[in-house]
Amino acid sequence: IFAAIVGRQFVVGVLLRRCVRLTCFQGGSEGTLVVVFLLGSCFMFVGALIYNQLVPDDQLDGTSNDIFLIFGAQTEQYRHVNQCWQALSLLVDMLTILTVLDVCLQDEMRYPNFVPSIKAIWIRSFQGWVRVVFAWSCFICGAVPIVWLVFLTGPNQDQISAPVIFGGSDEVTRSICAGVLVFVDLLVTVQDWDFPTFEEPLEIQVPTKVLGTFSDKLKITFVAKFLALIPQPSCSCWKRLCRYLPGPEFFQVSIRGKWLQYGPLCVVMFIDLCYSRTQLFYDPSFFGQYADPRDFFIWTITDQETLESSYEGGYLKENASELISFEGRWNTSTYEVLTPEALTDVKLNSRFVNSGMKYLALWISGSALFSFACCICTADWRRARVLQEIKLEEEENRARAREVEEKPEAAAISETPKETPEVPPAPQPAEASEVISDFSSGLVETL
């Protein structure tokens with residue numbers, strides 16, 4: 001809840017819309033959902049760390065893994081819990097591939113000459129049912145064997161065991177792979193046709209539909225409708241408090257098909273980030289394992305009595321570190337087992353070299369996220385500048401067009417003959433005889 005409020009009101013409302021002014025966050029709730037999801041994931045990690053520091057006597061332990069028993073995990077051990085995460089990661093990857101494929105085959109404007117016959121069958125054959133049925137069939141037929149094969153993996157003879165590749169992967173290789181996966185997830189987003197706005201152009205008459213449906217958007221409004229039906233107190237204190245709380249419309253969710261293809265991608269990126277975190281802070285003793293000093297391969301302890309006596313609440317006891325080690329279970333000179341329980345330990349195909357090079361993955365992931373932020377901001381600002389230049393150019397063209405229209409009118413006015421006003425005739429000078437007669441008559445009157 002805190003991540004939803006902070007993500008929507010501050011991160012999206014203030015930072016991304018007002019300060020950075022990213023176009024993809026100006027309208028709709030899709031960008032807000034992505035921010036809230038990633039922010040909520042970070043808050044869960046931070047909240048768990050803060051809780052363990054404030055309440056050291058009642059730390060979060062392995063009981064939080066009980067939910068994985070519902071999804072098919074045999075025990076609450078990490079080797080069984082991680083099978084659920086592996087299955088989820090593969091399912092989301094397959095969903096992302098199908099979504100991208102569906103978007104590419106629905107496009108008829110950007111690349112009209114790319115497999116036009118297949119696009120015609122995909123979009124219009126049987127009124128679009130080919131696209132819907134094919135998507136659901138591929139997902140179901142692919143999900144069942146994927147989950148089945150993941151849960152069949154294990155150290156026993158009747159289970160699937162992966163071969164040793166390149167001498168066994170260590171934590172450095174795995175952490176770098178995790179960083180590269182985060183980079184690839186962001187690279188797929190940058191390569192979108194409508195990056196950085198993620199809005200379909202107006203020229204497209206038929207919007208992109210959601211995978212496996214005939215709708216172009218997904219609406220979730222039942223939460224907002226339910227909250228709107230709840231009677232509100234009429235006191236003034238509640239009304240003042242409501243000014244700072246989100247209203248029922250805050251919980252309305254509307255996701256377009258263009259943004260739905262990034263939903264699975266965000267989940268994949270979250271899983272990859274969790275994978276990176278696990279590799280960075282991985283230590284064999286935290287998981288009931290130890291490394292062989294001869295070849296650095298990891299051994300996993302399967303004896304339940306040893307694990308129960310060495311761990312409490314999922315955490316290694318202070319005096320039990322020697323039991324979870326190669327020296328505590330094997331003779332370092334003869335390499336013979338010291339206890340019969342050590343014969344049940346399982347040697348994995350992975351290694352632990354305890355090298356600081358694993359933090360290179362942190363640099364790769366951080367650089368990828370920073371580069372993505374810079375790329376989307378730069379592309380959006382450049383787009384706004386280009387639109388401003390186009391707007392100014394259109395205004396200049398309209399001004400020039402008005403000038404061209406006004407010039408013929410001015411020329412026509414200048415060619416029209418002007419009417420000269422009539423000038424009254426100038427008074428003619430009087431003759432000399434008339435002047436003399438007037439002078440004489442005046443003189444006579446004076447005398």
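By class, the lining of the largest cavity consists of 6 nonpolar residues, 1 charged residue and no polar ones; here Ala, Val, Leu, Ile, Met, Phe, Trp, Tyr, Cys and Pro count as nonpolar, Asp, Glu, Lys and Arg as charged, and the others, Gly among them, as polar. The model is predicted, and local features need pLDDT of at least 70, side-chain atom pairs pLDDT 80 or more, while totals for chains, interfaces and linings use all residues. Residues are numbered from 1 along each chain as its sequence is written, and side-chain values use heavy atoms, with hydrogens and water left out.

**The cavity**

The structure holds 1 cavity of 30 Å³ or more, and the volume of the largest cavity is about 40 Å³. A cavity is a set of points, on a 1 Å grid over the protein atoms alone, where a 1.4 Å probe fits but cannot get out; lining residues have an atom within 4 Å of a point. The volume is the space filled by probe spheres set on the points, which are joined across faces, edges and corners. The lining is made up of Leu-98, Leu-101, Asp-102, Trp-122, Phe-134, Ala-135 and Leu-211. Two or more lining residues come from each of α4 (78-106) and α6 (129-152), and α4 gives the most, with 3 residues.

**The chain**

The chain has 14 helices and 7 strands, taken as DSSP runs numbered from the N terminus (helices H or I, at least four residues; strands E, at least two). Of its 447 residues, 30% count as buried, that is, under 20% relative accessible area, with exposed over 50% and partly exposed in between (1.4 Å probe, protein chains only). The accessible surface is about 29,700 Å², and 64% of it belongs to carbon and sulfur atoms; the areas come from the Shrake-Rupley method with a 1.4 Å probe.

**Cysteines and backbone**

There are 0 disulfides in the structure, a disulfide being a pair of cysteine sulfur atoms within 2.5 Å. The closest cysteine sulfur to that of Cys-374 is in Cys-377, at 6.9 Å, so the two are too far apart for a bond.

Val-115, in the loop between α4 and α5 (116-124), is not a glycine but has a positive phi of about 40°. Phe-296, in the loop between β3 (289-291) and β4 (297-300), also has a positive phi, near 65°. The table gives the accessibility of some residues.

| Residue | Relative accessible area |
|---|---|
| Cys-177 | 40%, partly exposed |
| Cys-374 | 32%, partly exposed |
| Val-115 | 28%, partly exposed |
| Phe-296 | 38%, partly exposed |

Key:
1 Å grid on protein atoms, 1.4 Å probe; cavity = no way out; pocket = protein on both sides within 12 Å on 5 of 7 lines; lining within 4 Å.
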